[in-house]
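Q: I would like to go through this structure with you. Could we begin with the overall layout and then turn to the packing?

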Amino acid sequence: MGDTDALYVRFQGTVRSPRGHFPGVFALANGLARAGELSDEEHRFWRAGNDWYNVNVADPSTIDPSVYDPEANPGAVAWFKATSLDLIGRVDGYLTILAAHGVACERVESSNPGKIIYEDPDQVVVTPWGNAGAGPPGCADTGHWSPVQK
């Protein structure tokens, strides 16, 4: 699912969570780590990667605590700006870990992923257009991502 004029990039699982969204790769990797399923090497990569993102990417929920509130912003998800190449390039290691554990993921690109409710130089958080009142109907709900979960 590519968009030749994509302004935004998201990496997410291909299976909906019990809450009905497609979790982002960081949430999926964090779940494996919490469950104790990572090898020592994978755990070192995951910890170092999360620490790097925590330092180099703003956590939208510390700036606007309601950004991921399911009632205020149903289905809110974060997307990298396509210009944030350093941040996007670091996702590959997470994808490798997820693939090793049989967790399917996809790269999704869009020029208009939803209603922007938060923006900084590297990312946006949007409510997908498929949510009531968020915009044009018929677009897919893509789920929640957070780069700073530990």
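**Layout and packing**

A: Read along the sequence, the chain follows the pattern β-α-α-α-β-α-α-β-β-β. Please bear in mind that this is a predicted model.

Q: How many helices and strands does the chain have?
A: There are five helices and five strands in the chain.

Q: What percentage of the residues count as buried?
A: Of the chain's 150 residues, 47% count as buried.

Q: And the contacts: what percentage join residues at least 24 apart?
A: The figure is 72%, taken among contacts between residues at least 6 apart in sequence.

Q: Let us turn to helix 1. Which of its residues are buried?
A: The buried residues of helix 1 are Val25, Phe26, Ala27, Leu28, Ala29, Asn30, Leu32 and Ala33. Because eight of its ten residues are buried, helix 1 is largely enclosed by the rest of the structure.

Q: What covers those buried residues?
A: The cover includes strand 1, helix 2, strand 2 (77-81), helix 5 and strand 3 (105-110).

Q: What comes just after helix 1?
A: Gly36 is found there, with a positive phi of about 75°.

Q: How do helix 1 and helix 5 cross, and at what angle?
A: The axes of helix 1 (residues 25-34) and helix 5 (residues 92-100) come within 10 Å and cross at roughly 50°. Helix 1 is therefore oblique to helix 5. The crossing of helix 1 past helix 5 is left-handed.

Q: Which residues meet there?
A: From helix 1, Val25, Phe26, Leu28, Ala29 and Leu32 meet Tyr94, Leu95, Ile97 and Leu98 of helix 5. The residues of this contact comprise nine nonpolar, no polar and no charged.

Q: What about the packing of helix 1 and helix 2?
A: Helix 1 and helix 2 pack at an angle of about 135°, and their axes lie 11 Å apart. That angle makes helix 1 oblique to helix 2. Helix 1 passes helix 2 in a left-handed crossing.

Q: Which residues of helix 1 and helix 2 meet?
A: Phe26, Ala29, Asn30 and Ala33 of helix 1 meet Trp46, Asn50 and Tyr53 of helix 2. Here the residues divide into five nonpolar, two polar and no charged.

Q: Now the largest nonpolar core. Which residues touch the most other members?
A: Phe11, Phe26, Tyr53, Phe80 and Val91 do, out of the 20 residues in that core. The elements giving two or more residues to this core are strand 1 (8-13), helix 1, helix 2 (40-56), helix 4 (85-89) and helix 5. Helix 1 provides the largest share, six residues.

Q: A change of topic: where is Ile88 found, and is Ile88 buried or exposed?
A: Ile88 is found in helix 4. Its relative accessibility is 9%, so Ile88 counts as buried, the cut-off being under 20%.

Q: Which residues is Ile88 in contact with, leaving aside its neighbours within four places in sequence?
A: On that basis, Ile88 is in contact with Val9, Phe11, Phe80, Lys81, Ala82 and Arg107.

Q: How many residues apart in sequence are Ile88 and Phe11?
A: They are 77 residues apart in sequence, and their C-alpha atoms are 9.1 Å apart in space.

Notes
Residues are numbered from 1 along each chain as its sequence is written. This is a predicted model: local features need pLDDT of at least 70, side-chain atom pairs count only at pLDDT 80 or more; totals for chains, interfaces and linings use all residues. Side-chain values use heavy atoms; hydrogens and water are left out. Axes are lines fitted to C-alpha atoms, for helices over the stretch in contact, and angles run from 0 to 180 degrees between N-to-C directions. Helices (H or I, at least four residues) and strands (E, at least two) are DSSP runs, numbered from the N terminus. Angles under 35 degrees count as roughly parallel, over 145 as roughly antiparallel, 65 to 115 as roughly perpendicular and the rest as oblique. A crossing is left-handed if the near helix is turned anticlockwise from the far one by less than a right angle, and right-handed if clockwise. Contact means heavy atoms within 4.5 Å. Ala, Val, Leu, Ile, Met, Phe, Trp, Tyr, Cys and Pro count as nonpolar, Asp, Glu, Lys and Arg as charged, and the others, Gly among them, as polar. A nonpolar core is a set of buried Ala, Val, Leu, Ile, Met, Phe, Trp, Tyr and Cys residues joined through side-chain atoms within 4.5 Å. Buried means under 20% relative accessible area, exposed over 50%, partly exposed in between (1.4 Å probe, protein chains only).
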